[in-house]
Amino acid sequence: MAAPGGAVPQFASLYVGDLHPDVTEAMLYEIFNSVGPVASIRVCRDSVSRKSLGYGYVNFHNVSDAERALDTLNYSSIKGRSCRIMWSQRDPSLRKSGAGNIYVKNLDKNIDNKALYDTFSLFGNILSCKVATDPTGNSYGYGFVHYETEEAAKQAIEKVDGMMIGEKTVQVCHFQKRDDKGDDKENFTNVYVKNFPDDWDEDKIHSTFSEYGPISSHALRKDNKGRPFAFVAFESSEAAKAAVEAIHMKPNGMDDGGEERLGPDGHPENKIYCSRAQTKSERQAELRSKFAAMDASKGGVNLYVKNLDDSIDEPTLKELFEQFGTITSSAVPLDSNGKCKGFGFVCFASPDEATKAVTEMHLKVIKGKPLYVGLAEKREARQERLRQRYSMPSGGGKGMMGGKGDKGGKGGNNPNMRGMMGMMP
């Protein structure tokens with residue numbers, strides 16, 4: 001493989017991705033040092049858990065050895081996983097540029113990184129090539145190919161778009177960054193679906209939604225709790241709108257005849273959710289607005305709980321607190337890996353129940369960590385209280401920033417206050 005930019009790079013650093021979590025620097029050294037003398041190796045890890053992030057860097061003394069490793073070891077198996085190797089791109093503007101980057105969708109599920117690379121390498125030098133997969137390695141049915149030049153990308157689009165690869169006809173186009181796509185809420189073509197019947201598979205999703213118009217692609221996935229959801233891309237906005245109109249809030253057959261239950265997002269669990277596919281920031285803003293409205297209409301007393309172990313989920317938090325009274329709602333925000341972010345909320349029906357919960361649970365040790373339990377404040381109320389607290393005259397002494405707090409510790413560095421600032425809604 002030629003070096004990026006059409007010339008031999010002045011450094012000999014390789015990026016090695018798609019690594020198994022158990023791959024170590026020693027394993028990589030044994031593999032890559034067989035090609036040529038290795039200067040250093042680093043597997044990137046989470047700063048807290050020290051778990052592998054699934055990629056690393058191998059630095060050779062000589063560029064020729066790095067080139068040989070790239071040619072001979074790319075897509076080779078390391079602990080049962082095919083690794084992906086490319087030149088380490090140290091210029092972020094080049095790495096993040098969309099120039100020469102193409103998007104390939106409707107891929108056969110049997111097409112892996114190597115098969116995709118072999119298909120598209122005919123048109124020019126490839127800087128990186130990847131099929132999107134779930135954590136177990138199953139293809140999502142789309143991928144990306146980043147060429148060294150824009151000309152190579154254009155040629156690949158012209159030659160491969162509409163071509164059969166495996167058992168499917170692929171669609172190839174220029175990759176468009178999310179920020180460049182704009183936000184047209186009226187003329188959307190992508191639809192997000194969840195809460196559908198358990199027996200829906202990809203064929204059922206395709207047959208159900210194709211009744212409303214031609215579909216360019218669709219994908220069925222599962223979240224970190226194993227709950228299925230799907231994306232459906234229509235060829236026209238009219239078809240997408242018709243599907244949303246017909247399917248959203250349609251019964252999904254999961255009604256047990258009891259009281260209607262709402263999911264964490266406020267949507268009835270016994271009805272299908274079907275709406276315009278949103279960005280992550282849009283979804284978060286919508287949920288914040290919805291929860292604020294629900295709190296205002298329901299009343300109740302909302303408690304803020306922090307210093308939770310990362311294994312705590314919503315059912316566990318509810319189980320800890322339901323002994324004190326009727327819980328109207330509870331929530332535990334999770335990170336991208338499905339782990340607790342360290343805090344949550346529990347809303348009781350009455351002030352007496354909430355008071356009892358605070359009295360019994362504040363500073364109680366759960367899974368080796370003392371909990372903080374207190375009244376959850378609205379953002380505006382919290383900001384006003386902090387302004388009043390820190391705008392007092394500097395001669396106040398106790399309770400001031402840098403002075404002694406009236407409950408131990410330094411007022412300006414109260415750990416409870418630090419944790420509450422910026423984390424509560």
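Predicted model: local features only at pLDDT ≥ 70, side-chain atom pairs only at ≥ 80, totals over all residues.
Visitor: Which residues of helix 8 are buried?
Guide: Ser237, Ala239, Ala240, Ala243, Val244 and Ile247, in a helix covering residues 237-247. Buried means under 20% relative accessible area and exposed over 50%, with a 1.4 Å probe and protein chains only. Helices are DSSP runs of H or I, at least four residues, and strands are runs of E, at least two, numbered from the N terminus.
Visitor: Why do they line one face?
Guide: Looking down the axis of helix 8, the buried residues fall within an arc of 165 degrees, so they line one face. The arc uses directions from the helix axis to the C-beta atoms.
Visitor: And what's exposed on the other side?
Guide: Glu238 and Glu245.
Visitor: What do the buried ones pack against?
Guide: Strand 13, helix 7, strand 15 and strand 16, with contact meaning heavy atoms within 4.5 Å.
Visitor: New topic: what's the strand order in the open sheet?
Guide: The order is 18-19-17-22, with antiparallel pairing. Two strands pair if DSSP finds at least two bridges between them. Strand 18 and strand 22 are the edges, each pairing on one side only.
Visitor: How many bridges join strand 17 and strand 22?
Guide: 4 bridges, antiparallel. Leucine 303 has leucine 375 in strand 22 as its bridge partner.

How values were computed:
Residues numbered from 1 in each chain as written. Heavy atoms only, no water.
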